[in-house]
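Trainee: I would like to know where the labels on a structure come from. Could we take them one at a time?

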Amino acid sequence: MTDLTGRTVLIAGATSASGLAATRALTSAGAHVVATGRHPDKLAPLAALGADTETVDLADERAVRELLVRLHDRGSSLDGLLHLVGGWRGGGGLAGQTEEDYRALESSFTALRHLSRAVDDDLRASPAGRLAIVSSTAVERPLAGGANYAAVKAASEAWTRAVAQGWAKAAREAGEPLRAAAVIFRVKALAGLEDRLAAAYAGLWAAEAPELNDSIIEIQEQVRN
């Protein structure tokens, strides 16, 4: 396990099984975890693992900015962001792709945009900033019944790659080494892979930013002989 003592990581949308696994892995590695969610009662298990918890609607830009102000006021500067805001709605072919479903899914992309802008200065200033999102193999092979979902995931990937390009460009123009990396994790289905995802994110600090930045890492089930 990579030693993350001294690192502060924000887990966005932490009340899922993946958020619980990531909190456990990161705190076990010595990181200070800030876990966010919309419902305070669902954050209690994360606090029990040692995370600081914040109740916040990440689709609200002002609320995200205020969250960063609170963290800075407490002396916390972020070294990582793990974006787990998501969900699934689909089925019914193309005709079944409702506007209501799309807007519900789009909130994850909205949260990513707000968060990545808000934490940009922190992650650039960190000795090793790490941002990661969880995307889907559906981006490469979208199906009609999951068109809304695949479209939102594709937009999130494009945004994350733009973050990576911006960091590389800024480092190059400043004549400084690249220290921050933006990474896309892809899964076919996340259920059962929560611990593997958590370990993969914690492991990002074991590699150098130039080899990670703008990369796509597929999280798969372990093949059993």
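**Labels and their cut-offs**

Trainee: Why does D214 count as partly exposed?

Mentor: Its relative accessibility is 35%. Buried means under 20% relative accessible area, exposed over 50%, and partly exposed in between (1.4 Å probe, protein chains only). The value for D214 falls in between, so D214 counts as partly exposed. Before going on: this is a predicted model, where local features need pLDDT of at least 70 and side-chain atom pairs count only at pLDDT 80 or more, while totals for chains, interfaces and linings use all residues. Residues are numbered from 1 along each chain as its sequence is written, and side-chain values use heavy atoms, with hydrogens and water left out.

Trainee: Where does D214 lie, and what is its phi?

Mentor: D214 lies in the loop between α8 (209–212) and β7. Its phi is positive, about 65°, although D214 is not a glycine. Most residues other than glycine have a negative phi.

Trainee: What does Y201 touch?

Mentor: Contact means heavy atoms within 4.5 Å. Leaving out residues up to four places away in sequence, Y201 touches V9, L26, G80, L81, L82, R130, A132 and F185. Of these, A132 is 69 residues from Y201 in sequence and 7.4 Å from it in space, C-alpha to C-alpha. Under the same exclusion, S76 touches T8, H32 and L71.

Trainee: How do you know that strand β1 is mostly covered?

Mentor: Strand β1 is residues 8–12, and five of its five residues are buried. T8, L10 and A12 point one way and V9 and I11 the other way. In a regular strand the side chains alternate between the two faces of the sheet.

Trainee: What makes β1 and strand β2 (residues 32–37) a pair?

Mentor: Two strands pair if DSSP finds at least two bridges between them. β1 and β2 have four, so they pair, and in the parallel sense. V9 stands opposite V33 in β2. The chain gets from β1 to β2 through helix α1 (residues 17–28), a β-α-β crossover that is right-handed. Right-handed means that, with the strands pointing away from the viewer, the path from the first strand over the helix to the second runs clockwise.

Trainee: Which other strand pairs with β1?

Mentor: Strand β4 (residues 80–83) pairs with β1 in the parallel sense, again over four bridges. V9 stands opposite G80 in β4. β2 in turn pairs with β3, parallel and over four bridges. From β2 the chain crosses through helix α2 (residues 40–48) to β3, and this β-α-β crossover is right-handed.

Trainee: Which strands stand at the edges of the sheet?

Mentor: The open sheet has seven strands in the order β3-β2-β1-β4-β5-β6-β7, with parallel pairing. β3 (52–55) and β7 (215–218) each have a single partner strand, so one side of each is left without a neighbour in the sheet, and these two are the edges. The twist averages 20° from one strand to the next.

Trainee: Why is helix α4 called roughly parallel to α6?

Mentor: The axes of α4 (residues 99–118) and α6 (residues 147–174) come within 9 Å and cross at roughly 10°. Axes are lines fitted to C-alpha atoms, for helices over the stretch in contact, and angles run from 0 to 180 degrees between N-to-C directions. Under 35 degrees counts as roughly parallel, over 145 as roughly antiparallel, 65 to 115 as roughly perpendicular and the rest as oblique. The angle is under 35 degrees, so α4 is roughly parallel to α6. Among the residues that make the contact are Y102, L105 and F109 of α4 and Y149, V152 and W159 of α6.
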